[in-house]
Amino acid sequence: SSFLHTRRIFMRLTDQYEVAVLFGACFLVNYVTADAKTNWAEGYIMVTFYLIIVHTFSFSCSTILMTVS
């Protein structure tokens with residue numbers, strides 16, 4: 001749709017870490033919800049994984065912003 005209006009191709013720039021995190025999060029959610037029941041340990045694993053993602057992205061984004069400016 002945007003190509004029709006602007007005649008430019010939309011390109012999404014991602015690094016390998018972002019792609020790995022996306023696949024890891026999809027795999028984790030699929031694993032946890034496969035039996036349609038979750039317990040506190042699976043919830044704890046998901047929350048921990050998401051906190052690790054937030055923590056590492058906060059460092060990688062600040063590094064990217066420092067190199068750009």
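Ala36 counts as exposed, because its relative accessibility is 73% (exposed means over 50% relative accessible area, buried under 20%, and partly exposed in between, with a 1.4 Å probe and protein chains only). This residue sits in the loop between helix 2 (16-32) and helix 3; helices here are DSSP runs of H or I with at least four residues, strands are runs of E with at least two, and both are numbered from the N terminus. Ala36 isn't a glycine, yet its phi is positive, at about 65°.

A quick word on where these values come from: the model is predicted, so local features need pLDDT of at least 70 and side-chain atom pairs count only at pLDDT 80 or more, while totals for chains, interfaces and linings use all residues. Residues are numbered from 1 along each chain as its sequence is written, and side-chain values use heavy atoms, with hydrogens and water left out.

Glu42 tells another story. It lies in helix 3 (residues 40-68) and counts as buried, because its relative accessibility is 16%. Even so, Glu42 has no salt bridge, and the nearest side chain of opposite charge, Lys37, is 9.5 Å away. For a salt bridge, a side-chain nitrogen of Lys or Arg has to be within 4 Å of a carboxyl oxygen of Asp or Glu; as for charge, Lys and Arg count as positive and Asp and Glu as negative, with His and the chain ends not counted. With neighbours within four places in sequence set aside, Glu42 is in contact (heavy atoms within 4.5 Å) with Val32 and Lys37. Tyr31 is eleven residues from Glu42 in sequence, and the two C-alpha atoms are 9.3 Å apart.

Zooming out, the protein chain has three helices and zero strands, giving the pattern α-α-α along the sequence. Of its 69 residues, 10% are buried. Its accessible surface (Shrake-Rupley method, 1.4 Å probe) comes to about 6,300 Å², and carbon and sulfur atoms account for 71% of that.

As for confidence, the chain's mean pLDDT (the predictor's confidence in each residue, from 0 to 100) is 77, with 68% of residues reaching 70 or more.
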